[in-house]
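This briefing goes through some side-chain pairings in one protein chain. Look over the sequence and the structure first, then read the points below.

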Amino acid sequence: MLKSMTGYGVSNIESESINVTVEIKTLNSKFLDIYCRVPRNYSEREIEIRNLITQSLERGKVEFTLTVQPVGKAVASTSVNRPLVSAYYQDLSETAGSLGFAPDTTELLRIALQMPNAYNNETVDESSRENDWAQIKVAVMEALRKCSVFREQEGRMTADKFAEYIATIQNLLDQVAEQDKTRIPAVRERLEKQVRDLLTDDNFDPNRFEQELIYYVEKFDISEEKIRLANHLTYFTETMKASESNGKKLNFIAQEIGREINTIGSKANDATIQHLVVQMKDELEKIKEQTMNII
């Protein structure tokens, strides 16, 4: 099953002491690149969070945001980090001004209070902190689960697109095979004319004739390329349906497909086949673009 590197997952859990919101966004990347926004009073948990992300999300650029707000009795032991919230508020206000609109001040304050490290948590009860972390971890796992589901859904949609593109290339290859049947007689006639010209030449060289004949046969024959291209298309489909997603392997196969298409185009020396090759290249570019976003 294919998995896309594009994903999104969000979860929200409220306990007696905290309200937790976890948001995860993922995009395509060659490696697993994690960027975490974690409140300062939970910064020591960042490594554990990164390990959870690594275990769940194999590859891609990951943007992780954790927001923790105190509720109930915990509010009494929490104070607003006024200098930081003020800086957030000022930056948001200036950003809105640069975009040319007057923001609602209450809305700006609400957003600023939701930014990382907006609160100073003075709680020293280790048991309470462990309980809070347990709730946070549940929220993290739920957001990761939703992100994985999102990636699988995107992967299924991409697989359907791949199937369309491969089917189109196969159809174009069938048309190339049909056109090749009419191309061969024309090539044969051209070769026979050149042979007659050589035989009437006083400087006829049998060795050179044999070399020229081999050259033209190899230059115009695309039988092997057609077979290899068909095999690559089949292999791409089989790999796509494998149990594990492998975007890199699909990209390698796509490169091999491209080589055979290019060789057919260069050897065919036929306008109709050249047009079909251009269409195959167009479909292949769509495949290459999509494989870059597959895990």
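The structure holds 17 salt bridges. The model is a predicted one. Side chains of opposite charge can pair when their charged atoms come close.

**Salt bridges**
- In helix 4, Arg145 and Glu142 lie 3 residues apart, about one turn of the helix.
- The side chains of Arg145 and Glu142 form a salt bridge of 2.8 Å, N to O.
- Arg145 is partly exposed at 45% relative accessible area, and Glu142 is partly exposed at 26%.
- Helix 6 holds both Glu225 and Arg228, 3 residues apart, and their side chains meet in a salt bridge of 3.5 Å, N to O.
- Glu225 counts as buried because its relative accessibility is 6%, under the 20% limit, whereas Arg228 is partly exposed at 32%.
- A network of salt bridges links Glu225 and Arg228 with Glu224, Glu260 and Lys267.
- Glu48 and Arg45 form a salt bridge, with their closest N and O atoms 3.3 Å apart.
- Glu48 is partly exposed at 26%, while Arg45 is buried at 16%.

**Aromatic rings**
- There is 1 aromatic pair in the structure.
- Phe162 and Phe236 make up this edge-to-face pair, 5.4 Å centre to centre with 90° between the planes.
- The pair links distant parts of the chain, with Phe162 in helix 4 and Phe236 in helix 6, 74 residues apart.
- Phe162 is buried at 0% relative accessible area, and Phe236 is buried at 0% as well.
- The charged end of Arg129 sits over the ring of Tyr42, 5.5 Å from the ring centre.

**A strand residue**
- Thr67 lies in strand 4, residues 60-70, and is buried at 17% relative accessibility.
- Leaving aside residues up to four places away in sequence, Thr67 touches Asn19, Val20, Thr21 and Gln114.

Note on methods. Residues numbered from 1 in each chain as written. Predicted model: local features only at pLDDT ≥ 70, side-chain atom pairs only at ≥ 80, totals over all residues. Heavy atoms only, no water. Phe/Tyr/Trp six-rings, centres within 6.5 Å; stacked < 30°, edge-to-face > 60°. Helix = DSSP H or I, 4+ residues; strand = E, 2+ residues; numbered from the N terminus. Buried < 20%, exposed > 50% of the residue type's maximum accessible area, 1.4 Å probe, protein only. Lys NZ or Arg CZ within 6 Å of the ring centre and 35° of its normal. Contact = heavy atoms within 4.5 Å. Salt bridge = Lys/Arg side-chain N within 4 Å of Asp/Glu carboxyl O.
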